[in-house]
Amino acid sequence: MSRPPIYGLMAEFTEPNELIAAARATRDAGYTRVDVYTPYPIEEVSEALHLRRTRLPLLVLIGGIIGGGAGFALQYWAATIAYPVNIGGRPFNSWPAFIPITFETTVLVAAFFAVLGMLALNGLPMPYHPVFNVPRFALASRDRFFLCIEATDPQFDREGTRRFLERLVPRSVSEVDH
Amino acid sequence: MSEPIVRPAAPEGGDQRPPIIGPGHTFGTVTDKISAVVLTGRTPRWWFVGFGIAFSLAMLLLYAISYLFVRGIGIWGVNIPVGWGFDIINFVWWIGIGHAGTLISAILLLLRQEWRTSINRFAEAMTLFAVACAGLFPILHLGRPWLFYWLLPYPNTMAIWPQFRSPLMWDVFAVSTYATVSLMFWFVGLIPDLATLRDRSRNRIGRVIYGMLAMGWRGSAHHWHRYETAYLLLAGLSTPLVVSVHTIVSFDFAVGLIPGWHATVFPPYFVAGAIYAGFAMVMTLAIPLRRAYGLEDFITMRHLENMARVMLATGLVVAYGYMMETFMAWYSANTYEEFMITNRFYGPYAWVYWSLMACNVIAPQFIWFKRVRTNIPALFIIAMFVNVGMWLERFIIVVVSLHRDFLPSSWGMYYPTFWDFATFFGTIGLFLSLLFLFIRFLPMISIFEMRTLVPEAEVKEELA
């Protein structure tokens with residue numbers, strides 16, 4: 001598959017409600033390779049784009065299990081195998097005393113999984129992305145809302161898609177270079 | 001999707017409370033106002049004055065630490081029987097202050113308290129800086145601080161391992177986990193705002209530095225979706241974490257057998273005390289900051305009132321803790337416990353105890369009155385009382401419990417030296433220096449979360 005000549009077409013909106021309506025219309029028109037850029041998270045946009053549930057909670061659970069298991073195993077191994085200290089005949093595997101550290105390592109590794117998992121799934125850090133080629137896109141982090149239909153979409157047609165976007169009455173429509 | 005989704009931007013009808021954001025704000029004004037503090041070319045003169053004073057104190061800390069490394073902890077006032085002095089008092093005081101940041105950012109997020117939005121960022125920064133100050137003390141008081149890494153479990157040629165059953169080991173894990181998770185939580189919260197600064201910065205250095213830190217954030221809906229999940233999960237993880245940290249700090253005492261330490265009330269009483277101290281510190285910082293930067297629209301009277309209410313509530317829990325300590329001393333019918341309380345009331349450090357009562361029990365009672373609660377100078381004064389009071393509380397717990405334990409033959413007094421004070425005030429300097437740098441170079445209020453509060457962000461019903 002050869003690379004399309006442009007990355008996609010981007011429409012700019014000034015108001016969140018316009019954007020939500022536009023996102024719905026785009027989905028309804030059958031476009032699938034669509035992304036929306038907003039200055040703050042809008043739940044309705046995720047719904048409009050039918051974003052699937054993220055796998056992140058599962059990753060965090062796995063992180064927590066690894067952290068807790070490894071934390072306890074470390075203490076068990078150090079206290080009973082590597083360096084057992086007999087204090088008045090008390091058991092080497094005094095597990096209640098190991099719980100605080102087990103809890104801390106659980107939280108620590110789960111938190112690492114949450115942060116690094118979020119960044120990895122989002123593909124960040126990303127030093128270059130075509131959307132930044134649109135000069136007005138700098139406003140996406142201030143007060144403007146952008147909807148981009150990517151050229152890899154099976155329905156994408158440089159003229160047709162532009163006409164479609166213009167029917168959504170955006171402030172402007174621009175082509176996104178690679 | 002038939003349910004109407006409305007974000008309450010302003011208080012609903014009939015709500016007489018002041019709003020959580022001033023009227024007339026839009027996405028643009030919120031962004032501009034908060035980012036202007038950072039992106040302005042002119043640094044206000046008071047910033048240099050404040051930073052200069054704070055940095056001088058931080059240099060005093062450096063001096064005190066250098067001298068400590070040369071001479072050893074003999075330069076401090078600690079000795080048998082009071083082996084824990086200012087070092088541990090300051091450690092507990094600082095770590096307690098840090099807790100309010102996590103409470104505001106995590107627990108109030110889970111409880112959907114929208115007013116937290118304008119104070120969570122700098123409260124989290126406060127947490128980080130307070131934990132940085134706190135973390136210094138246990139290391140400095142080790143005697144041979146350069147060997148602090150012996151506390152960590154690592155394979156070593158001595159073939160020994162740390163004693164994991166000791167609360168002091170729990171402390172190492174609790175505090176380092178807390179510092180790491182707080183840092184990540186804070187940084188994750190900053191990413192979208194760093195992108196705003198990247199896009200709005202007018203000079204190349206700003207664009208490059210903020211751009212690198214923002215990691216290419218572009219506000220994609222797919223990203224926000226995972227971002228919000230991650231943020232919520234971090235809040236869920238931080239909530240039990242913050243409770244565990246001060247619980248473990250209280251175990252440093254409660255697991256010991258010294259009268260005045262060995263009490264089951266310690267964990268909840270420490271956690272409440274931490275929140276109490278932390279909110280007092282947030283208030284101490286928020287009141288001058290909102291004034292200096294004209295942020296009264298974002299940190300409104302409602303915020304100050306709510307913080308005062310949290311202070312009053314946690315203050316009452318702390319007062320209950322003092323009461324229970326006294327009650328248990330009598331109820332236990334244990335000579336040493338009874339003596340511990342008598343000694344607090346009438347012993348050589350009685351003036352510290354009664355000052356503590358004045359600061360921590362009596363001072364916050366004025367918050368019951370609406371006139372006090374809505375009077376900013378009064379709130380500032382009460383917060384200062386609590387800051388001092390919480391420090392005195394740790395003095396009582398650490399020093400007064402140790403100076404007269406079981407055997408009168410081993411009683412003694414504790415007198416802090418110049419170096420104790422130099423280290424303590426030095427950490428205040430370090431804390432304030434970091435805070436001054438933070439408000440100058442990073443947005444002190446979460447811009448993207450503030451955008452969700454403006455009326456424009458309201459989603460119309462027919463679309464939902």
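Reader: Is A:Phe13 buried or exposed?
Author: This is a predicted model, in which local features need pLDDT of at least 70 and side-chain atom pairs count only at pLDDT 80 or more, while totals for chains, interfaces and linings use all residues. Residues are numbered from 1 along each chain as its sequence is written, and chains are lettered from A and ligands numbered from 1 in the order in which they are written. A residue is buried if 20 or more other C-beta atoms, placed from the backbone, lie within 10 Å of its own, exposed if 12 or fewer, and partly exposed in between. A:Phe13 has 23 C-beta neighbours inside 10 Å, so A:Phe13 counts as buried.

Reader: How many bridges pair strand 1 of chain A with strand 3 of chain A?
Author: Two strands pair if DSSP finds at least two bridges between them. Strand 1 (residues 8-13) and strand 3 of chain A run in the antiparallel sense, and the number of bridges is six.

Reader: Which residue in strand 3 of chain A is the bridge partner of A:Val34?
Author: Strand 2 (residues 34-37) of chain A also pairs with strand 3 of chain A, in the antiparallel sense over four bridges. A:Asp35 has A:Cys148 as its bridge partner there. For A:Val34, the partner is A:Ile149.

Reader: How many of the six residues of strand 3 of chain A are buried?
Author: In a regular strand the side chains alternate between the two faces of the sheet. Here A:Phe145, A:Leu147 and A:Ile149 point one way, and A:Phe146, A:Cys148 and A:Glu150 the other way. Strand 3 (residues 145-150) of chain A is largely enclosed by the rest of the structure, because the number of its residues that are buried is six.

Reader: Which residues have the most contacts inside the largest nonpolar core?
Author: A nonpolar core is a set of buried Ala, Val, Leu, Ile, Met, Phe, Trp, Tyr and Cys residues joined through C-beta atoms within 7 Å. The largest one has 186 residues, and those with the most contacts inside it are A:Ala114, A:Leu147 and B:Val282.

Reader: How many residues of helix 4 of chain B are buried?
Author: Helix 4 (residues 117-140) of chain B reaches 36 Å from its first C-alpha to its last, close to the 34 Å expected at 1.5 Å times one less than its number of residues. This helix is largely enclosed by the rest of the structure, because, of its 24 residues, the number buried is 21.

Reader: Which helix supplies the largest share of the side of chain B that touches chain A?
Author: The contact takes 54 residues from chain B and 55 residues from chain A. Helix 1 (27-39), helix 5 (167-200), helix 7 (221-254) and helix 15 (447-451) of chain B each supply at least two residues of that side of chain B. The largest share, 16 residues, comes from helix 7 of chain B.

Technical notes. Contact = placed C-beta atoms within 7 Å.
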